Amino acid sequence: MLKGCATAPAKTILLGEHFVVYGEPAIVTAIDRKAKVTAQESPGTSIHITSDLGCGTFEGADFKTSDSCRKVRRILEPIRISTQSVLDYLKLKRGLDVNVESVIPVGVGLGSSSAISVATVAAVGRLFDGRLSTSDIFSLALDAEKFVHGNPSGIDQQVSAFGGILLYRKGGTSTRLQCPVELPLVIGNTGESRTTGRLVESVRQRHERLPNIMNQLIKVAGGLVEEGAAALKKGDLQRFAELMDINHGLLVSAGVSTEALDRLAHAAKAAGALGAKLTGAGGGGCIVAMSEPGEQSKVAEGIKRAGGEPIIVEKADTGVQSWLEK
Ligand code: PMV
């Protein structure tokens, strides 16, 4: 029987997270860690999902699992929504077996859930139609993110679908940035998982309490993203990294950093990084550091000594890819 297969990359936000929710641009790059999804027709109309995170079967509003973990429905729901959104889009009622394999750390700001949603949409789309455009895949995958948190900018789905380094604006528009040099990036994982929706909500509440102050932070963030895009185009990593440091300060001011994130960012800099900041929603999760070219392992050592898990990553130029398998 034919299988629809797809892979989609993880991401790290280099500048502008949170402020992107308020309409400012952000810079994000796809990285070389992927989720892979396969989809195969099965009898009936239920959607059966197997993954490293849990297994279960959805039949309309009913959910059955043999998993002992009670959180499994919440984990699998975005995969069901992604699958269902393609079936609805193609006006089909089918049963499906969906299998997810991912090497992307979960819940730490590297876009694991978006990569899985994007790959799910592409795999199911490929199985039944094969003509979903990358923009269609982005839009359908965004439905699942709306379940995960209410007010997503769409940045994670966009970069996972298109790949490369993107200058992104909420609403689904992005420009691909060409950087003439490699980006020597090192991620530092605090190992503390967190919920993006809760952090987006905490920033919203601070914005509600202090609109004048927060609006100024948002404006500064937008300005530094524009400067950052110009620096990247010239390959000026030093200047870009300085902007990352300032961006970390803005995120501290927005209330989303933690003691562990600050510690890892300082440790990365002490080990020679040009700049470092938290990446993604914060509240735990990861930092991203820009090292000097060829010096990533020194920065990784510094992160490790400070109690973090270092991950040396490369930019991924390719976004979602899909194919059929027998
Ligand atoms: O998926 P995360 O945790 O990396 O966060 C996404 C980035 C935010 O700007 C915090 C939220 C959004 O929708 O843009």
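Visitor: Which residues is Leu 183 in contact with, leaving aside its neighbours within four places in sequence?
Guide: This is a predicted model, and in it Leu 183 is in contact with Leu 14, Ile 165, Leu 232, Leu 237, Met 290, Gln 296 and Val 313.

Visitor: And which residues touch the most other members of the largest nonpolar core?
Guide: Leu 183 is one of them, along with Ile 27, Phe 240 and Met 290, in a core of 104 residues. Helix H2, residues 112-128, provides the largest share of this core, with 10 residues.

Visitor: Which domains does this core draw at least three residues from?
Guide: Domain 1 (3-177 + 319-325) and domain 2 (185-313) each give at least three.

Visitor: Switching to pockets: what volume does the largest one have?
Guide: About 1000 Å³. There are 43 lining residues, and those closest to the pocket's centre are Gly 107, Ser 113, Val 148, Arg 194 and Thr 196.

Visitor: Which element gives the largest share of that lining?
Guide: H2 does, with 5 residues. Elements giving two or more residues also include strand E1 (3-15), helix H1 (72-89) and helix H5 (196-209).

Visitor: Now cysteines. How many disulfides does the structure hold?
Guide: It holds 0.

Visitor: What about Cys 179, buried or exposed?
Guide: Cys 179 counts as buried, because its relative accessibility is 15% and the cut-off for buried is under 20%.

Visitor: And what is the relative accessible area of Cys 55?
Guide: For Cys 55 the value is 26%, so this residue is partly exposed.

Key:
Residues numbered from 1 in each chain as written. Predicted model: local features only at pLDDT ≥ 70, side-chain atom pairs only at ≥ 80, totals over all residues. Heavy atoms only, no water. Disulfide = S-S within 2.5 Å. Buried < 20%, exposed > 50% of the residue type's maximum accessible area, 1.4 Å probe, protein only. Core = buried A, V, L, I, M, F, W, Y, C linked by side-chain atoms within 4.5 Å. Helix = DSSP H or I, 4+ residues; strand = E, 2+ residues; numbered from the N terminus. Domains from an automatic or database assignment. Contact = heavy atoms within 4.5 Å. 1 Å grid on protein atoms, 1.4 Å probe; cavity = no way out; pocket = protein on both sides within 12 Å on 5 of 7 lines; lining within 4 Å. Points joined across faces, edges and corners; volume = space filled by probe spheres on them.
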